[in-house]
Amino acid sequence: MPLDSSSAPYVKQGTTLLAAQPVWPRKQRQEEAKDWNTVYLHLERRLAALRAWRWTWLSSWMELAAFFLPRRAKWWISPNLYNRGRFLNDQIIDSTGVQAMNTCASGMWSGLTNPARPWYGFAPAIDGVELDEEARAWLENLKNRSMAVLAGSNFYSTTAQMFQDVTVFGTSPIIVYEDEQNVIRCYLPCAGEYFLQAGSRFSVDTLYREYTMTVAQIVEQFELENCPEAVQGMWAEGNYDQEFVVAHAIEPNFAIRGPGRKEVQVVSDRFDYREVYWLKGKRGQKAMSLRGFNERPFMVARWWIVSNDPYGRSPCMDALGDNKQIQQQTIRKAEFLEKGIRPPMLADPELKNEPASIMPGMVTFVNTANGKVGFKPAFEVNATWLQHLTVDIKDVEQRIKEALHIPQFMAITQMQGVQPRNELEPTKRDLERLQVLGPVIDLFENEVASPALQRVVGARCYLREDYT
């Protein structure tokens, strides 16, 4: 069922496209190719396999989310849940870990993709090549136009969230599509929505995901005539806010086996990658979009990588134990103070069923005959214990900050004495930061920054428009 088109309706998505949709499709949905059933089974089988491989990672992500970033993880993708505004969790008592994570992510964002300064340039890939004045002007113009594209799109807001995700979970995929309004449009699945697999070069080449969309959103993205009958029916009935689980696959465009050893090509073999959108679990609903790509339309940011694992490791994994400890110690410190202010009391049996209070201005009547004390604290708190506990909490806070590289990101702010003492010191501290974070920075530049810029340049060529 090869498809030769490299276009998709979502390139034009927006309120203008949505306003143009009729109540019923103006033309019947085209019959799906006869091999769709084979493609559907392949997609669902691989989605299930990738889910099994991801299970242990997901359980780790949920624990990390509980202590560092609860708003960016989902256990299950289920439609029509009306509890999404509930309180996320109550495990974060001390926010040191959250603040350190925010500082680390902000430092990575401002250091690597700061929109306030040029953070990349274009030059010949071969060293020593001398360019004439016209070629240098062309590269400078390309840089200026690409920076305008990035600034006019949601790239920077998306990468800001991406650095939070990669700091906590060690992994964060970002999808970059062509867009007629802003040249590019970025999408950032949260932890729990995506499934990854690496190729033989140990770089991620496969992205599956599942997420919820309302009927109106599906129609706006894929156009009514491309939607399954279930979505078309709800659109006609006015059920615009009913949700479905949308499944999405981007993978290398290899042929798959059909019945009787038949070779099935999902999209034309002139493409290196293919993309399919369909309603998850709806076998007879057919695909909403089939598309081919000559380049990978997504990138995956990873902090540290191990062997052929598609998912990365994060600094928050190192700081998780300390974060758990500081939550427990903060609770114990509050209990200590509470016991000093409102201590548990001992009372004479005569006070049973009698009024008793430790509140100011209240009176508790007790029998003190023969020198006995009828109402007293169960124990006296020792102030030195509080001092020891406070010092230990400070030590744990410092370990969390060091695990998340706060001394490197706040090198100038945390300098002792005059800040800075001379011009050389900030330079030396920047070099020290690069030395500590060098591997992470190099991985980001190779796996995210360079492919993203290629997508920006490719998007302008795809849309055949100048962006001014």
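This is a predicted model: local features need pLDDT of at least 70, side-chain atom pairs count only at pLDDT 80 or more; totals for chains, interfaces and linings use all residues.
## The overall picture

The protein has eleven helices and twelve strands. Of its 468 residues, 45% count as buried.

Nonpolar side chains tend to be buried together in soluble globular proteins. Here, the largest nonpolar core has 111 residues, and F68, I184 and I218 are the ones with the most contacts inside it. Helix α2 (residues 36–67) supplies the largest share of this core, 14 residues.

What does F68 touch, leaving aside its neighbours within four places in sequence? The list is I92, G97, V98, M101, V168, C316, A319, L320, N323 and L404. Two of those names, M101 and V168, come back in the contact between α3 and α5, while C316, L320 and N323 come back on the α8 side of its contact with α2.

## α3 against α5

Two packed helices are described by the angle between their axes and the distance between the axes. For helix α3 (residues 96–112) and helix α5 (residues 155–169), the angle is about 130° and the axes are 9 Å apart. That angle makes α3 oblique to α5, and the crossing is right-handed. On the α3 side, the contact uses M101, N102, C104, A105, M108, W109 and L112; on the α5 side, Y156, T159, A160, F163, Q164, T167 and V168. Sorted by class, that is ten nonpolar residues, four polar ones and no charged ones.

T113 sits in the loop between α3 and α4 (133–152). Its relative accessibility is 0%, so T113 counts as buried. Beyond its close sequence neighbours (those within four places), T113 is in contact with M108, W119, Y156, T159, F163 and F444. M108, Y156, T159 and F163 also take part in the α3–α5 contact.

## α2 against α8

The other pairing brings α2 together with helix α8 (residues 315–341), at an angle of about 50° and with the axes 10 Å apart. The two helices are therefore oblique to each other, and their crossing is left-handed. From α2 come E63, L64 and F67, which meet C316, M317, L320, N323, K324 and Q327 of α8. The class count for this contact is five nonpolar, two polar and two charged residues.

## Helix α6, mostly covered

Helix α6 (residues 215–222) has six of its eight residues buried. Those are V215, A216, I218, V219, Q221 and F222; I218 is also among the residues with the most contacts inside the largest core.

Which elements do the buried residues of α6 pack against? They pack against α1 (15–19), β4 (204–214), α7 (229–237), β5 (243–252), β8 (273–279) and β9 (289–293).

A191 is in the loop between β2 (183–187) and β3 (194–198). With 2% relative accessibility, A191 counts as buried. Its contacts, leaving out neighbours within four places in sequence, are W61, M62, R72, A73, K74 and F169. A191 and V166 are 25 residues apart in sequence, and their C-alpha atoms are 10.0 Å apart.

E397 lies in helix α9 (residues 383–403). Is E397 buried or exposed? At 15% relative accessibility, E397 counts as buried, because the cut-off is under 20%. E397 touches D94, T96 and I326, not counting residues up to four places away in sequence. I326 is 71 residues away along the chain, yet the two C-alpha atoms are separated by 7.4 Å.

Most residues other than glycine have a negative phi. V183 is not a glycine, but its phi is positive, about 75°. V183 lies in strand β2 and is buried, with a relative accessible area of 7%.

R261 also has a positive phi, near 60°. R261 is in the loop between β6 (256–257) and β7 (263–264), where it is exposed, with a relative accessible area of 70%.

Note on methods:
Residues are numbered from 1 along each chain as its sequence is written. Side-chain values use heavy atoms; hydrogens and water are left out. Axes are lines fitted to C-alpha atoms, for helices over the stretch in contact, and angles run from 0 to 180 degrees between N-to-C directions. Helices (H or I, at least four residues) and strands (E, at least two) are DSSP runs, numbered from the N terminus. Angles under 35 degrees count as roughly parallel, over 145 as roughly antiparallel, 65 to 115 as roughly perpendicular and the rest as oblique. A crossing is left-handed if the near helix is turned anticlockwise from the far one by less than a right angle, and right-handed if clockwise. Contact means heavy atoms within 4.5 Å. Ala, Val, Leu, Ile, Met, Phe, Trp, Tyr, Cys and Pro count as nonpolar, Asp, Glu, Lys and Arg as charged, and the others, Gly among them, as polar. A nonpolar core is a set of buried Ala, Val, Leu, Ile, Met, Phe, Trp, Tyr and Cys residues joined through side-chain atoms within 4.5 Å. Buried means under 20% relative accessible area, exposed over 50%, partly exposed in between (1.4 Å probe, protein chains only).
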